[in-house]
Protein chains: 2
Amino acid sequence: MFLSKLDSISNALKLISDNQKLTEVEEIPIVEAHKRVLAEDIISFHDSPPFDKSAMDGFAVIAKDTFGASQSNPKTLKIIDSIGAGDFSDKSLTNEKAILIATGAPIPKGANAVLMKEFTTKNRDELTIYSQVTPGENVSPKSEDIKKGEKILSKNTFIRYQEMGLIASAGYDSVVVFKKPKVKLIVTGNELVDPTKEEIDKAKIINSNKYTIKAMAEDSGAIIQTTYVGDSFKEVKEAILDASNDYDVIITTGGTAISEGDVVLDVVDDIGEILFHGVSIRPGKPIGAGIVNEKMIFTFSGQPVAAMSQFDIFARKYLFEMQGRHFDFHITKRQSQLKIPSSLGRTDFVRAVSDDNYAKHVLNRGSGIIRSMVEANSYIIIDENDEGYQKGDIVDVIFFDSLLW
Amino acid sequence: MFLSKLDSISNALKLISDNQKLTEVEEIPIVEAHKRVLAEDIISFHDSPPFDKSAMDGFAVIAKDTFGASQSNPKTLKIIDSIGAGDFSDKSLTNEKAILIATGAPIPKGANAVLMKEFTTKNRDELTIYSQVTPGENVSPKSEDIKKGEKILSKNTFIRYQEMGLIASAGYDSVVVFKKPKVKLIVTGNELVDPTKEEIDKAKIINSNKYTIKAMAEDSGAIIQTTYVGDSFKEVKEAILDASNDYDVIITTGGTAISEGDVVLDVVDDIGEILFHGVSIRPGKPIGAGIVNEKMIFTFSGQPVAAMSQFDIFARKYLFEMQGRHFDFHITKRQSQLKIPSSLGRTDFVRAVSDDNYAKHVLNRGSGIIRSMVEANSYIIIDENDEGYQKGDIVDVIFFDSLLW
């Protein structure tokens, strides 16, 4: 009978994890590497900075020469050269001398500090200084950020904007990353039509899953293509077989056809292997997963909210880890502002509005109520061993934002 | 003198906010609307669901007919029709009758509940039921999600995946959104070279800002084009004037040329208006902003960490709000694991590693140390009225992830 024996969520997740695959790797220009995942360690080709560098516009000096200088007790030095950004000076600094220097320029030989321009006045080559500096002041020492030959980032690092800067500084103009997984979304359901402002035929319903699931896949670093098929075994089988040749992951939505059970799972059973079908969660109980042609297939509900939750619970981690990026739910603690009933033996993902202190679940939470996902910013998780919570109890919360790529 | 009079951060932010602009709007297909911002209210063209809909595969029944049915006391009904997904039945249900119904199909006239298939057996048109249902059970009532004519989303809403689903369900196949701002990044600095694994000329430094600032602009919903110019007044002026014709926002990095002050600000002063130059923050003190040809220009430091912080503090909000999306720092409280010194009169943005309870600042935090941004996941904010914190003090923390588009 349909879903008569439900898997536990932990068993279902383990079955998916046991079948985790990685995408292949590819080398791409560093400029395109934002939000990709490193498939190589980054070993620096350079020191950064490559030399002792001035951190200010000012004068390279020998610090000792400035000791005691103040507004009331100025000292004078002789300017012997100037160094612009991108330039250098071959001159060596000796006592009582100074070299005009730009931010970013190499400190000349002999100097060990930079005095900021605003603490000086100058008259031709005579420099009057009104402040002292300590050795090393306003100097960024060679290799203070990166040492040549050092491993500065490891394989499997997610490349944010700051990692891009570090990789570039290490001398990489291209980088080896995991490929984006290619996902095929197969939307099934004879009742579905595209969005239209015109009146819709009796018994037809606008399909929203093709938009939400596409956006969620993109929020997981994947590339997604969508196709639509009717509720027949033949159509679904052809679509899944096709997809299993050209895509890394297949996701279906809907597919409950009258009198014949879930046609999508029948197809998976016919041409591949069902890992599980039916998990003790709410929403999203009818979730299935399987392997077809060595590719993972997730079979989601047609109900929009169930499908979104199924993506979050089962597909997101798989897509992240396929790209070498570790994923775990980031569970935080909040105080529940309402009583929440639940059933023993079932894990609930309750849509909620949470802030830094509190969580308040959205009241209308049928699995077709998209507005409940729109109102919410988080899930309250109710473990299968809990019968719900009282108002004021501390609950487990996962913010939607913490799930994004 | 250079930066001798520093603006307060609040005054600088107010000057930017006073010059806030909005992008124009455009109509795009709903499938492309993910992570855009609504420039119109969404008024639904339809009820959703458009009819009382079956939430299960099962049998449409009159609930009263099932009362008392159980495993030990089965009842029988007569099956008079079947409704697949996308189909409907013109038959009216009367007592002791049932209609086979698919998930998503319209409830036939007369019926008021759906009994799940697994609680039944059938023999031709004779249905044996082993469970009872209450009126409304397994029925998603017409318009429970969306009512036709109702405003379901307001202008200025950020479109996440769930909003895409809601907008589609309301009948919109296209949607009016704010255009992405076009940003021109002008990288200045005679010392800069592109990343290379080969040895670099003396006095030259790899430019990383063009990668980090590009990625940060993308993380703010913007489109960015980058150009490089040398440190001359003429080159910088031409680049800024050009950019002010074709772009919504200009960002420069670097531009401190020896003996002539900051050439970029000299250009802004020459062809436009300087809003401020020099703000009492760390890192990022030399930040400037101005208006050229009615376009906002931000002048960032060449120092990579200073430039990233300047983006976060000054440019991010401007770019968000340009697209109609409200932005405020989301400041949370954490316990500091280390003592942090600071100076009165200066606001510090201290790179830190924070979790759900604690914040620990990164020790090496020169404004050129990109690794300090790579190690960090957050800023600890030290207000200008604070002289720093002791170990164990509660501090203000902004997570980097909370800044993203």
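Predicted model: local features only at pLDDT ≥ 70, side-chain atom pairs only at ≥ 80, totals over all residues.
Local features require pLDDT of at least 70 and side-chain atom pairs count only at pLDDT 80 or more, whereas totals for chains, interfaces and linings use all residues; side-chain values use heavy atoms, with hydrogens and water left out. Residues are numbered from 1 along each chain as its sequence is written, and chains are lettered from A and ligands numbered from 1 in the order in which they are written.

Chain A contains eight helices and 28 strands, these being DSSP runs numbered from the N terminus (helices H or I with at least four residues, strands E with at least two). Its radius of gyration is 31 Å, well over the 22 Å given by the globule rule for 405 residues, so chain A is more spread out than a compact globule. That radius is taken over C-alpha atoms, and the rule is 2.2 Å times the number of residues to the power 0.38. Along the principal axes, the C-alpha atoms of chain A fill a box of roughly 95 × 50 × 45 Å.

An automatic or database assignment sets the domain bounds. Chain A is divided into domain 1 (9-24 + 179-323), domain 2 (31-48 + 145-178), domain 3 (53-140) and domain 4 (331-403). The C-alpha centres of domain 2 and domain 3 of chain A are 35 Å apart.

Of the 405 residues of chain A, 56% are buried, where buried means under 20% relative accessible area, exposed over 50% and partly exposed in between (1.4 Å probe, protein chains only). Among contacts in chain A with a separation of 6 or more, 70% join residues 24 or more positions apart; a contact means heavy atoms within 4.5 Å.

A:Arg36 lies in the loop between strand 1 (25-29) and strand 2 (42-43) of chain A. With 9% relative accessibility, A:Arg36 counts as buried. Beyond its neighbours within four places in sequence, A:Arg36 has contacts that include A:Glu26, A:Thr157, A:Phe178 and A:Lys180.

Helix 4 (residues 209-218) of chain A has eight of its ten residues buried, so it is largely enclosed by the rest of the structure. The buried residues of this helix include A:Tyr211, A:Ile213 and A:Met216. Their cover includes strand 13 (182-188) and helix 7 (304-322) of chain A, together with helix 3 (161-169) of chain B.

In chain B, B:Ile99 belongs to strand 6 (residues 97-101) and is buried, at a relative accessible area of 0%. The C-alpha atoms of B:Ile99 and B:Ile370 are separated by 67 Å.
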